[in-house]
Amino acid sequence: MSIILKKRFGQNFLIDKNISDKICKHIHSKNLNILEIGPGNGNLTDKIILKKPSNLTLIEIDKDLISHLSEKFSHINNIEIINADILKINLDQNFDLVVSNLPYNISSQILVKLTTLNNIPDTLILMFQKEFALRLLNNKLNSINSLVKCFYKINLDFHVSRNCFRPIPKVDSSVLIL
């Protein structure tokens, strides 16, 4: 299947399987209820499935990718694929873990949403634009890290070169564990 990327959704797909492996090494146990935001073509999802979650919810805004994901994961019973805008959907389910290569243009909005849920997830494994990640890690409080630090300890896991994505973005990325 040929996938047409949409700039309005900030789509840059992670193509480096080593990076997906490094992200998923932080999923330490089976039977977790996991949310993946913006699974795109499902490359990271493939690795999450290997960790044997009890439930895996994929929220993807691009309806064209929904058909691809539905076909790709049709043989797996514990996956729910939702075509929705993460900022507009009601997340009333309890998630143990959220994993995402976040769309950089709405990273702060998604992070605010996740930290203000009634039942905040235990752990977040999120990839951000490197400059944004550094703002979150900064010891000097700012508007975003002061909110997030109320609920999570923020740790830098590793940086990711822009060359690990297609199309290649103009910025590097960082994976944070919250």
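Axes here are lines fitted to C-alpha atoms, for helices over the stretch in contact, and angles run from 0 to 180 degrees between N-to-C directions. Contact means heavy atoms within 4.5 Å, while helices (H or I, at least four residues) and strands (E, at least two) are DSSP runs numbered from the N terminus. With that in hand, take helix α3 (residues 63-72): it lies across β3 (55-60) and β4, running at about 165 degrees to β4.

A quick word on the source. This is a predicted model, in which local features need pLDDT of at least 70 and side-chain atom pairs count only at pLDDT 80 or more, though totals for chains, interfaces and linings use all residues. Residues are numbered from 1 along each chain as its sequence is written, and side-chain values use heavy atoms, with hydrogens and water left out.

**The sheet**

Let's start with the strands. Seven of them make an open sheet with mixed pairing, in the order β4-β3-β2-β5-β6-β9-β7; two strands pair if DSSP finds at least two bridges between them. At the edges stand β4 (79-83) and β7 (155-160), each with a single partner strand, so one side of each has no neighbour in the sheet. From one strand to the next, the twist averages 20 degrees.

Two of the pairings go like this. β2 and β3 are parallel, with five bridges, and E36 has L58 in β3 as its bridge partner. β7 and β9 run antiparallel and are also joined by five bridges; here L156 stands opposite L176 in β9.

**Helix α5 and the cores**

Over on another part of the sheet, α5 lies across β6, β7 and β9, at about 130 degrees to β6. Which residues of helix α5 (130-137) are buried? They are F132, A133 and L136, where buried means under 20% relative accessible area, exposed over 50%, and partly exposed in between (1.4 Å probe, protein chains only). They cover an arc of only 100 degrees around the axis, which puts them on the same side of α5; the arc is that of the directions from the helix axis to the C-beta atoms. These buried residues pack against α4 (107-115), β6 (123-129), α6 (143-148) and β9 (173-177).

A nonpolar core is a set of buried Ala, Val, Leu, Ile, Met, Phe, Trp, Tyr and Cys residues joined through side-chain atoms within 4.5 Å. The largest one has 27 residues, and L136 is among those with the most contacts inside it, as are L126 and F128. Two or more residues come from each of β2 (33-37), α4, β6, α5 and α6. A second, separate core has 26 residues, including I49 and V160.

| Residue | Relative accessibility |
|---|---|
| E60 | 4% |
| N101 | 17% |
| P169 | 13% |

E60 sits in strand β3, and five of the six residues of that strand are buried, so β3 is largely enclosed by the rest of the structure. A polar atom of the E60 side chain lies 2.9 Å from the backbone nitrogen of G40.

N101 belongs to strand β5 (residues 97-101). Not counting residues up to four places away in sequence, N101 touches N12, L14, I37, M127 and F165.

P169 is in the loop between β8 (165-166) and β9.

How values were computed
Polar contact = N/O pair within 3.5 Å; in protein donor to acceptor, adjacent residues only side chain to side chain.
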